[in-house]
Amino acid sequence: MELEHKFCRLGADEIVADGMKIEGYASLFGSPDQGNDVVASGAYAASLKRLGAERRGIKMLWQHDPAQPIGIWDEVREDARGLYVKGRLLDSVARGREAAALIAAGAIDGLSIGYRTLRAAKNEKGQRLLTELELWEVSLVTFPMLPSARVAAKGEDPADAMLRELAQALEGARREMAQG
């Protein structure tokens with residue numbers, strides 16, 4: 001089976017510096033996406049349990065590109081609403097800094113999952129009901145398949161304020177150049 005993507009509106013020896021904190025829902029239960037798929041409550045439970053037992057985490061990628069990890073998901077869990085994620089963009093990674101600036105400016109706010117379908121069936125509305133998924137990664141994306149899957153909160157570290165100011169300055173310069 002190939003790895004599928006669901007687009008939504010963001011080792012013990014490793015030392016990770018704090019970056020920009022982000023959180024949101026990468027998937028919502030019961031909400032049809034633009035591909036007419038619906039994720040059922042509990043669809044991630046077995047995958048999250050298996051990953052926890054193996055001490056493996058879900059990867060945070062930029063636009064589903066496995067060559068571009070941009071941060072760390074510190075928390076990935078199911079709740080009554082969907083798949084909740086909370087993590088940090090790494091400011092020591094160039095693309096992580098870019099992602100932080102784009103989020104701060106409001107240019108990027110989508111989250112998307114990369115997964116394999118293990119069990120699915122058609123529901124009474126003819127939609128594909130995904131009942132068991134093997135979760136691989138959660139990406140920050142430009143265009144989410146599930147429009148309501150969005151980065152909901154951004155950290156307010158001093159570095160975040162600096163990135164936000166930089167993004168605003170760049171946007172102002174872009175507007176001035178466009179005007180002529």
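Q: Which residue in strand 5 does Leu61 stand opposite?
A: Leu61 stands opposite Pro69. The model here is a predicted one.

Q: What makes strand 4 and strand 5 a pair?
A: Pairing needs at least two bridges. Strand 4 (residues 59-62) and strand 5 (residues 65-78) are joined by four bridges, so they pair. They run antiparallel. Two residues lie between them in a hairpin, and Gln63 in the turn has a positive phi of about 55°.

Q: How do you know that strand 5 also pairs with strand 6?
A: The bridges number seven, against a requirement of at least two, so strand 5 and strand 6 (residues 82-89) pair. These strands run antiparallel. Glu78 has Leu83 of strand 6 as its bridge partner. The hairpin between strand 5 and strand 6 goes through three residues.

Q: Where do these elements sit in the pattern of the chain?
A: The order along the sequence is β-β-β-α-β-β-β-α-β-β-β-α. That comes to three helices and nine strands.

Q: Why is Val38 called buried?
A: Buried means under 20% relative accessible area. Val38 has 6%, so it counts as buried. Its place is in strand 3 (residues 37-39).

Q: Which residues does Val38 touch, leaving out those up to four places away in sequence?
A: Val38 touches Gly30, Ser31, Pro32, Asn123, Gln127, Arg128, Leu129 and Leu130. Asn123 is 85 residues from Val38 along the chain, yet their C-alpha atoms are separated by 9.0 Å.

Q: Why is Asn36 called partly exposed?
A: The class lies between under 20% for buried and over 50% for exposed. Asn36 has a relative accessible area of 36%, so it is partly exposed. Asn36 is in the loop between strand 2 and strand 3.

Q: What makes Arg55 exposed?
A: Exposed means over 50%. Arg55 is at 80% relative accessibility, so it qualifies. Arg55 is found in the loop between helix 1 (45-53) and strand 4.

Q: What lies over the face of Tyr25?
A: Arg81 does, at 4.6 Å from the ring centre. The distance limit for a charge over a ring is 6 Å.

Q: How do you know that the span of helix 2 agrees with its length?
A: Helix 2 (residues 94-105) has twelve residues, so at 1.5 Å a residue it should span 16 Å. Its end C-alpha atoms are 17 Å apart, which agrees. Gly96, Ala99, Ala100, Ala101, Ile103 and Ala104 are its buried residues. Gly106 follows helix 2, with a positive phi near 85°.

Conventions:
Residues numbered from 1 in each chain as written. Predicted model: local features only at pLDDT ≥ 70, side-chain atom pairs only at ≥ 80, totals over all residues. Heavy atoms only, no water. Expected span 1.5 Å × (residues − 1). Buried < 20%, exposed > 50% of the residue type's maximum accessible area, 1.4 Å probe, protein only. Contact = heavy atoms within 4.5 Å. Lys NZ or Arg CZ within 6 Å of the ring centre and 35° of its normal.
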